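This briefing goes through one protein chain topic by topic. Keep the sequence and the 3D view at hand while reading.

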Amino acid sequence: MKKRVIIAVAVVLVIAAAIAISGNREKPEEPTSSTTSAAAQEVTEDNSPELQNGTKNPDKLVKITLPLSFYDEKNQGDTDGFINKGNYEKIKVDEKDGTFTVTMKALTHDLMLSGVGLQVIKSIVTLLDNEDYPYVKQLGNYNSDFSEIELLVDAKEYKAAKNSGDIAPFVAGCGIFYQMYSTENSYKCKVIIKSVKSDKVIDEYYAEQNNSNMG
């Protein structure tokens, strides 16, 4: 069953806990003349890796536009703490349109997107431990911009559950939440529900939102 809906903007409830990654690091080797020479090569935009926002120039200024409901006037950032005074160049509030626009360097934006992505994943994974959704077994594959996300479930329990229709909109909302922090102007997320045993598609849900009517 495919459902196509145009969703209204809402603040997706994501867990505001940071994910700490720790590990042992080996002591780096002393640089040789060859490695020093290689490191001294000029890094140009042509051979730089592409950032998540599509640019290769880390100092390029990019803009993102968010709904005004995300704005934290007191701290002059967003309510989830991804945007703050220390990581942007300019912020402009447009009460008429119900939005605010943030200008920041591409590298800073890329790092911010990584943080948003981690919290989106953690938010979706909370379904696995939620006693209201015992049929949700695993987060499946998802692409880099969360425009397609797979969720693996117990097929029999999913079909019998009265609240099975709740999880796909929630997951789609998480995907769109990530995209709202990107430089795109429209957001789409397709959620694919699969059987954890057979990998067979049970259900599909599609959501989209344009930021032209975020207010």
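For the packing of helices, an axis is a line fitted to C-alpha atoms, taken for helices over the stretch in contact, and the angle between two axes runs from 0 to 180 degrees between N-to-C directions. The model is a predicted one. Its secondary structure amounts to four helices and ten strands.

**The chain as a whole**

- Starting at the N terminus, the order of elements is β-α-β-β-β-β-β-α-β-β-α-α-β-β.
- The chain has 215 residues, and 39% of them are buried.
- Of the contacts between residues at least 6 apart in sequence, 62% link residues that are at least 24 apart.

**Helices H2 and H4**

- Helix H2 covers residues 106–125 and helix H4 covers residues 167–180; their axes lie 9 Å apart and form an angle of about 175°.
- Angles over 145 degrees count as roughly antiparallel, and H2 and H4 are therefore roughly antiparallel to each other.
- On the H2 side, the contact is made by Leu-113, Val-116, Gly-117, Val-120, Ser-123 and Ile-124.
- On the H4 side, the residues in the contact are Phe-170, Val-171, Cys-174, Phe-177 and Tyr-178.
- Sorted by class, the contact of H2 with H4 holds nine nonpolar residues, two polar ones and no charged ones.

**The sheet E2-E6-E5**

- Three strands form an open sheet in the order E2-E6-E5, and their pairing is antiparallel.
- E2 and E5 are at the edges with a single partner strand each, so one side of each has no neighbour in the sheet.
- Direction ignored, neighbouring strands of this sheet are turned against each other by 20° on average.
- Strand E2, residues 61–67, pairs with E6 through seven bridges in the antiparallel sense.
- In this pairing, Thr-65 stands opposite Thr-101 of E6.
- Strand E5, residues 90–94, is joined to E6 by five bridges, and E5 and E6 run antiparallel.
- Here Lys-90 is the residue opposite Thr-103 of E6.
- E5 and E6 make a hairpin with four residues between them, and Gly-98 in the turn has a positive phi of about 70°.
- Strand E6 spans residues 99–105 and is mostly covered, with five of its seven residues buried.
- Helix H2 lies across E2 and E6, and H2 runs at about 115° to E6.

**Cysteines**

- A disulfide is a covalent bond between the sulfur atoms of two cysteines.
- With a cut-off of 2.5 Å between cysteine sulfur atoms, the count of disulfides is zero.
- Cys-174 takes part in no disulfide, and the nearest cysteine sulfur, which belongs to Cys-189, is 8.7 Å away.
- Cys-174 has a relative accessibility of 0% and therefore counts as buried.
- Cys-189 is likewise in no disulfide, with the sulfur of Cys-174 as the nearest cysteine sulfur at 8.7 Å.
- Cys-189 is also buried, its relative accessible area being 0%.

**Loop residues**

- Gln-76 is not a glycine, yet its phi is positive, near 50°.
- Gln-76 sits in the loop between strand E3 (71–72) and strand E4 (77–78).
- With a relative accessibility of 34%, Gln-76 counts as partly exposed.
- Asp-199 is another residue other than glycine with a positive phi, of about 65°.
- The loop that holds Asp-199 lies between strand E9 (186–195) and strand E10 (201–210).
- Asp-199 is partly exposed, as its relative accessible area is 46%.
- Asn-87 belongs to the loop between E4 and E5.
- A residue is buried when its relative accessible area is under 20%, so Asn-87, with 16%, is buried.
- Leaving out residues up to four places away in sequence, Asn-87 touches Phe-82, Met-104 and Thr-108.
- Asn-87 and Met-112 are 25 residues apart in sequence, and their C-alpha atoms are 8.9 Å apart in space.

How values were computed:
Residues numbered from 1 in each chain as written. Predicted model: local features only at pLDDT ≥ 70, side-chain atom pairs only at ≥ 80, totals over all residues. Heavy atoms only, no water. Buried < 20%, exposed > 50% of the residue type's maximum accessible area, 1.4 Å probe, protein only. Helix = DSSP H or I, 4+ residues; strand = E, 2+ residues; numbered from the N terminus. Pairing = 2+ DSSP bridges. Parallel < 35°, antiparallel > 145°, perpendicular 65-115°, else oblique. Contact = heavy atoms within 4.5 Å. Nonpolar A, V, L, I, M, F, W, Y, C, P; charged D, E, K, R; others polar.
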